[in-house]
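The following exercises concern one protein model. Please consult the sequence and the structure before reading the solutions.

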Amino acid sequence: MADDQELERCRHDVREWTVGELRQALDGLPDGMRLRIDVPAAPRTNDPQISDQELVLAAAFVDDGDHLVRDELVLWADFGAGWYMRPRVES
């Protein structure tokens, strides 16, 4: 991003999972299933800049893609809800 580029504030909203929701997602999965955590470089909506916000669990799903050797559980991390700065979008 250029130093002279105008910035704007944008709201990033994400529903954070609870321990109970994670337990429910894990229910019935085999103990040997591989676990992967998908961590974004920036919040997943509105493309804001990276900030010092903590990451939260936003989703979990079983990836059974043909490209995988075996199924794996994916925990989908995201930046916490809050206000972020991003380059101003010209309309």
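Two exercises with worked solutions follow. The model is predicted: local features need pLDDT of at least 70, side-chain atom pairs count only at pLDDT 80 or more, and totals for chains, interfaces and linings use all residues. Residues are numbered from 1 along each chain as its sequence is written, and side-chain values use heavy atoms, with hydrogens and water left out.

**Exercise 1.** Determine in which order the strands of the open sheet are arranged.

*Solution.* Step 1: the protein has 1 helix and 5 strands, taken as DSSP runs numbered from the N terminus (helices: H or I, at least four residues; strands: E, at least two). Step 2: 3 strands form an open sheet in the order 2-4-3, with mixed pairing; two strands pair if DSSP finds at least two bridges between them. Step 3: strand 2 and strand 3 each have a single partner strand, so one side of each lacks a neighbour in the sheet. Step 4: strand 2 runs parallel to strand 4 (residues 72–79), and 5 bridges join them. Within this region, Leu 35 stands opposite Leu 73 in strand 4.

**Exercise 2.** Locate Val 39 and classify its accessibility.

*Solution.* Step 1: the loop between strand 2 (34–38) and strand 3 (55–63) contains Val 39. Step 2: Val 39 counts as partly exposed because its relative accessibility is 47%; buried means under 20% relative accessible area, exposed over 50%, and partly exposed in between (1.4 Å probe, protein chains only). Step 3: by the same definition of burial, buried residues make up 29% of the 91 residues in the protein.
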